Each structure stands twice: as structure tokens, then as C-alpha cells.
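Please have the sequence and the model open side by side. My comments are below, in numbered points.

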Amino acid sequence: MHSFKVILKIVVGCIILSSCQPQAKVETPATLEKDLVQYVNPLMGTDSRFDLSNGNTYPAIATPWGMNFWTPMTSKMGDGWTYKYDENKIRGIKQTHQPSPWINDYAAFSLMAVTGSLKYQEDERASWFSHKAEVAQPHYYSVYLADYDATVEVSPTERAAHFRFTFPDTDSSHILLDGFFRGSKVKVIPAERKIIGYCRNNSGGVPGNFHNYFVAEFDKDFEWVHTWQDGWKLQSNTVENQGDHVGAIVGFKTQRGEQVHVKVASSFISPEQAQLNLDREIGADSFEDTRSKALQAWQQELNRIKVEDDNIDNVRTFYSCLYRLLLFPRKFYEMDSDGNIMHYSPYNGEVLPGYMFTDNGFWDTFRAVFPFFTLMYPQLNAQIMEGLVNTYKESGWLPEWASPGHRQSMIGSNSAINIADAYVKGIRGYDIETLYEAMLKNATTSEGRPVNREGNVITSVGREGIEHYNELGYVPYDVGIHENAARTLEYAFADFAISQVASELDKPGDMAAFRERSRNYRHLFDKESGWMRGKNKDGNFQSPFNPLKWGDAFTEGNSLHYTWSVFHDIQGLIGLMGGEEVFAQKLDAVFEMPPDFDDSYYGFTIHEIREMQIVNMGNYAHGNQPIQHMIYLYNYAAQPWKAQQKIREIMDVLYAPQPDGYCGDEDNGQTSAWYVFSALGFYPVTPATTQYVIGSPLFEKVTLTMENGKTLVIKANMNNAKNVFIESVKFNGQAHDHTWVDHHDLQKGGVLEFTMTDSPNKNWGTNKSSIPFSMSNHKDK
């Protein structure tokens, strides 16, 4: 632990901690930028594997929300765990679009340097490397390839990247471009020092004409050119190849320290668009120009939130999480020669005008990622909403898990929640009537959901079991629909979200109908056990019932995790359980019981179970999303001090800016968003309302610059590792006894001031008027 003060608001030179790079100072709306990139560790979460996730991340070398990321490969082509921190060899630097190892990648190809005898097959070309000779930053990656005495560096733009290869003194330096399997083409044009081609690899969710067209421009003449064809068969002195898996090799004679630069870009639209992307985003820029621009892109976004605190480890964790939060969903659109926004549709294969975003699972990100965008990036969120409009027009459905098109993963109808959160909080500039139509379609019919030849649904769009749900008020346990109780709870919250939009659109009939449907969670509450439970079609609860059983009626969790998924009506749930004291006791029990579990549904212990088991927090499973809001629910039971203590404990124990720094899957920014919000001192328990529930702020001072130019300062007087409890709160100088803050008030800026103490203040935030929104006792939003 370092004790020196980290002042991130004062304009000074670059603080040298590890690999800080010189930069020009530029103006932001609030003040001059500070070097915050130095605190980001892109390797956080990379020490992961199939059976134990410490994040399941890879070092994404990218610009915020970039169309393309770049990452080193330690694993074989096609392995979802493309970079494993404990592996020792690099196979290449690949362009990647992977949102999760479970979803895997698409449109990937790689570059690699080799010297000496030609080695191009992915196993034999892999070079030993060390983390001691590796630099990983959001805007820049460098690694020394020990077997070849060569260094590879890369820096990105949104749709392109700049490579710099430094070679030894040799007559045999090579750069390989691997087009990967499942369809690729390469063509070398020596007279132009260029390689062009395409790759078509994917893991699903693409039309039949899917291509990622690439162009790579070199700054040194080729001494020789080879390609390889299917089966890794070398085709010496050839310039073109096409097949299932092909690649190109160009060679040079180099002197020690000689650098070869390669500018690479790609397009999902056409080869010509790939060249346009390269010319527009890099053009004549030097490597240092590209690197500087990528650095400034990150500095600009990170400087929207300036932290002042003397705990450098917490500062590093915060900015490492904020970096993850600003990666997805990716921009899946490009600009034509006239600057018009265009996109290749991953739904119908056409090139169409307008925005498109992808690589996101709303089951994860509706909880805190999209509320963060609503708070800090309303313009971006409006563009994402326009992208949802285009998705619906091009596919007939809203996306639930897109990569790049519709995928079959997870459950729920959470697109409705993201739409409602944006609209209820005042974000406009998109076709809300079309989105409302799409929300209603999800909620009323399953007709037209994509199916395979066997009649099985092959994407997550719509609502599986919707006819049962609309008839009975729940998805039955005994009709062959897995995770039925979880679906019911999530559909009920989606219905609440629809009712919120209906209210804004002055549709009182729809508002009332969906508000009533949002009470469907009550059908699954089992008074005998006090937990949510699957229910058969005849109205009887399924039996036998073990609330510790993972899966089955629930999704990647058990009843102890999913019972709290009544985001919109916690007071209603408290009433079902028998009052605030019983409710709080059940919250306590989740932490106090042993980490017992039943994994019989899966037939083995899935990684989410193991991650719960090993952290010594009972049955609390922060490594997966369903329970991440649970701690904040103590506020609804008038015991906010318990939330304050446990929130700080989780930030302290389960997060660190290290390769094992998460306690489960990071998941497109969601697990990071929990930390970012919680460190600020509040969290969006109920998206589609305007309230954020107060927890325990982590830092002494944070300054947020809103998109409207207003500044929100969050102070925590007397804050330290022991003083985790709130003594009092003031907002703009006025005493604030609510355990929540309003979105519109935060947007206006001002000062949110906490006074912290080392013992619970059981008088603050415990009045009836202090409790956050619940549908049962609030008419407002």
C-alpha cells in the first residue's frame, strides 16, 4: 500500500509510476487533462481459465467503444481464452471482437514477427515472452519476442491500428498475416507494399455474406513473398491464396534496431471502405502520432471522472474498472467518403445508413452499464438507441445478446429496461415509437422467433414461454422451458419498464396493464420457504425444492440469489416476506451461511459456483450478476449501515488491479460498473427509474463532469478504511436523509457531501421517507 497523496485534479506534469508517456495537455470542459491512463491495468482479470474466472478478460488494446480491438494471443486460434496470464508464449497480435470467452470471437486475423528459419504454423511460430518485457496500456501494447530477438508494438484507432516491428540484424526477418480458419483470403501487392484480403471466421450471428475486409500497408519493400493454403501448406513465391485458412508472409533483410511499420485497417462493408478507414484514421501519421491520439482518446474519457485519494491501489482499481466499462458495446458502424454513418447489418447482410452497436449481453449490462451511460454519456446512449431501432427494422426483434448479430445466450427481455432507462431519464433523439412497438412485440408474441430445422429457437430474442407467462402470470416449471423462474422474474421487471415508457408516452391503458403484469413476481413466492420457487402449470410449486440448487428454475444461480430480482418493487417483496426485520434477516443469512450448493443440474461445479465458494462470503455470489444489487437492499429495510459495511468490504476484498483482480466474469463492463458506481457512493438498483441508491463512497473526493458541462463533486469527509459508515449527508449544503439521489439532481451538478464515521449511525436514512422507490409505495418515478 502506498501512502502518498494522489491528486488527480491539479494540473502538473506526468506522475511517473510505471510506464507514463509524454503527452500534450489539452483542454476539457472542466479543466486541463491529467494523465489517468497510467492507473489502468488492462491485464486485470486475465488470470482466468474455463473452471475459474478472475474476470475472463483479455488486454483490449483499443479506443473507447472502438469497432476493432487488438490483443496478444497466447492460446490457439479459436480458443475463447485467447490470452491467459500464466502462459508463456505469444502466437501473434490479433484483431478481435470477442465480448466474452463463452460467446467467442469473430472477424479475427493476426500479425506476427519471426526471424531466422521460417516458422509460420501457429504452434511452431509461438515465441517465449515475459511479463517483465511486456507493456499493456489501453492505447498501446508492446512485447519482446525472445525467440526472435524482435519487439512488436501496436496502437489502435477505432477501425485501424499502427504496428511497429523492431528487428535484429538478419537476412531473414518475416511478418506473417494469418487470415485464420473458416474462410480467408490474402493477396500481396509488392509494388504497393500492401496485403489485402478478408477473413470470415465467426461463432454465429452472421449472415451468409459476412466478411471482414482488411488492408495492411508496409513502409519497407518486400524481399520475398510467400503464402500458405489450407493445411498450413506453404506456397513459396506466391502472392495470393484463398481457402478455409490461408495467410501471407513477407520478408526483409534488416539491421539491428531497424523498424518496420505496418498500418492496418478493416471494414465489414467492402475492401474500398477498409482503405478509406485506413486513410481517414491513420493516413500519413507516424506511429507516435497514432499512439498519442489513442492516448488522448482515453485521457478525455477517463478525465470525465477525477479521483482524489491517498490509496493508490483503489485509484488503480477504479480506473482499470472504468476502462473496462468504456469498451462495450462496440461501434459497428463506419463512415462513407462523404462522412455519412453507414453499417453492414449483421442481421440481413445489407449495407444501410445509421448507427449500429454490438457485442453486448443485456442480461449483464442492463443492471449498471447502461445506467452509467445514461448518467455520463446520454449522447452515446441516444446513438445506441438508434442502433436498437435499426436492429429491430433489420431483424424484426430487439437484441438481447448480439455478437455481431443475434446469439443464443442468457435469458430475459432486458432490451426493454435499457430503452426505458434512457427514455425515463430524458434522453431523446431516436425513434421511440418504433422501440415501443418492438418492446410490445417482445411482450406479446413468440411468433417469428428464429428456429432451426428441429424447431428449436436459436437466438435469445423475444421471450421464451411468453404465451404461458401471459396466460398464467408465470413461466411454468414443467413445460420444458429451462430457467423458468428466472424468466418470470425478469419478464416482470421488463413489464415494469414498458409501463414506465407507456406513462411517458401518455398511454394510460398500456401503463396500467403492464404495471399490473409487473406484479407477476408474486406468483413465485413460496411462503413456506420464504424464497422464490418454480411453479408447475397446475399452480402447484415444483417439488422437491432445494433453494441451494443452481440452475434448473434459475439462471447461473439459485433461489437465494434470484429471490431479490424484484428490482422495481422491493417493498412488495418485503411485504411477502413478512416485514423489514425478516427481510433483513434473510439478507444476513445469505452472508452468514456456509457456501453450500447443489450443482446436480449441471453435472459438475460450474465456475460461478466455485467463485462463490472460495471467497468466504457465504452464499453471496458477487462473481455473477443476479445478486450484485442485493447489498443495497438493506436500505429498503431501514438498515442502510449494513449495506455501507458490506459494500466497502466487497470493494476491498473482491477487486484489485491485478491479473486475478475480479471475483468472476467481468462481463462487458457490468462487474466493473458495480465497482465504479459503488466507489462513487451510489448504485442504480432500479433502472427505468430516476433513483440511485446510496452505499458508501470509497474516495475522499471525486469530480464528475457531466455531458451538459455541469460539475458534480462528491466529497467524503473523514473517509478511510475504517470509517465506512455514513454519519450524515448534504446535497448542495442541505441535509439529505434519503438513502437515494435523483438522476436529474445529479445532472444539475453541485456538491454531494458525506461525513463518514467508524460506527453505524442507525438514525440516518431510516425514516419511511428515506427509503428508495418501490412500485408498491411510490406513485412517482
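1. **Ground rules.** This is a predicted model, in which local features need pLDDT of at least 70 and side-chain atom pairs count only at pLDDT 80 or more, while totals for chains, interfaces and linings use all residues. Residues are numbered from 1 along each chain as its sequence is written, and side-chain values use heavy atoms, with hydrogens and water left out.

2. **Confidence.** pLDDT is the predictor's confidence in each residue, from 0 to 100. The chain has a mean pLDDT of 94. Of its residues, 95% reach 70 or more. Helices and strands here are DSSP runs (helices H or I, at least four residues; strands E, at least two), numbered from the N terminus. Among the elements, strand β14 (residues 212-218) has the highest mean pLDDT, 99. Strand β1 (residues 6-7) has the lowest, 40.

3. Over residues 1-31, pLDDT stays under 50. The model still has 72 contacts beyond four places in sequence for this stretch. Contact means heavy atoms within 4.5 Å. Where pLDDT is low, the predicted coordinates should not be read in detail.

4. **Helices α6 and α7.** Two packed helices are described by the angle between their axes and the distance between the axes. For α6 (residues 369-376) and α7 (residues 378-395), the axes come within 6 Å and cross at roughly 125°. That makes α6 oblique to α7. Axes are lines fitted to C-alpha atoms, for helices over the stretch in contact, and angles run from 0 to 180 degrees between N-to-C directions. Angles under 35 degrees count as roughly parallel, over 145 as roughly antiparallel, 65 to 115 as roughly perpendicular and the rest as oblique.

5. **Who makes that contact?** Which residues of α6 and α7 make the contact? From α6 come F370, F373, T374, L375 and M376. From α7 come P378, L380, N381 and I384. By class, the contact has seven nonpolar, two polar and no charged residues. Nonpolar here covers Ala, Val, Leu, Ile, Met, Phe, Trp, Tyr, Cys and Pro; charged covers Asp, Glu, Lys and Arg; the others, Gly among them, are polar.

6. Buried means under 20% relative accessible area, exposed over 50%, and partly exposed in between (1.4 Å probe, protein chains only). In α6, eight of its eight residues are buried. Helix α14 (residues 570-577) is also mostly covered, with seven of its eight residues buried. Among them are I570, G572, L573 and M577. The buried residues of α14 pack against β28 (525-526), β29 and α15 (580-592). Just after α14, G578 takes a positive phi of about 110°.

7. **Cis peptide bonds.** Check F328 and P329: a cis bond joins them, with omega about 0°. P329 sits in the loop between α4 (312-325) and β21 (330-331). Check S403 and P404 too, where the cis bond has omega about -15°. P404 is in the loop between β27 (401-402) and α8 (415-424).

8. **Positive phi without glycine.** D552 is not a glycine, but its phi is positive, about 60°. D552 lies in the loop between β29 (531-532) and α13 (559-562). Is D552 buried or exposed? D552 is buried, at 14% relative accessible area. E556 is in the loop between β29 and α13 as well. E556 has a positive phi of about 50° and is not a glycine either.

9. **Cysteines.** A disulfide is a covalent bond between the sulfur atoms of two cysteines.

10. Q379 lies in α7 and is exposed, at 51% relative accessible area. Q379 and I427 are 48 residues apart in sequence, yet 7.8 Å apart in space, C-alpha to C-alpha. K642, in helix α17 (residues 640-653), is partly exposed at 22%. K642 and P760 are 118 residues apart in sequence and 8.3 Å apart in space, C-alpha to C-alpha. Leaving out residues up to four places away in sequence, K642 touches D588 and Y634.
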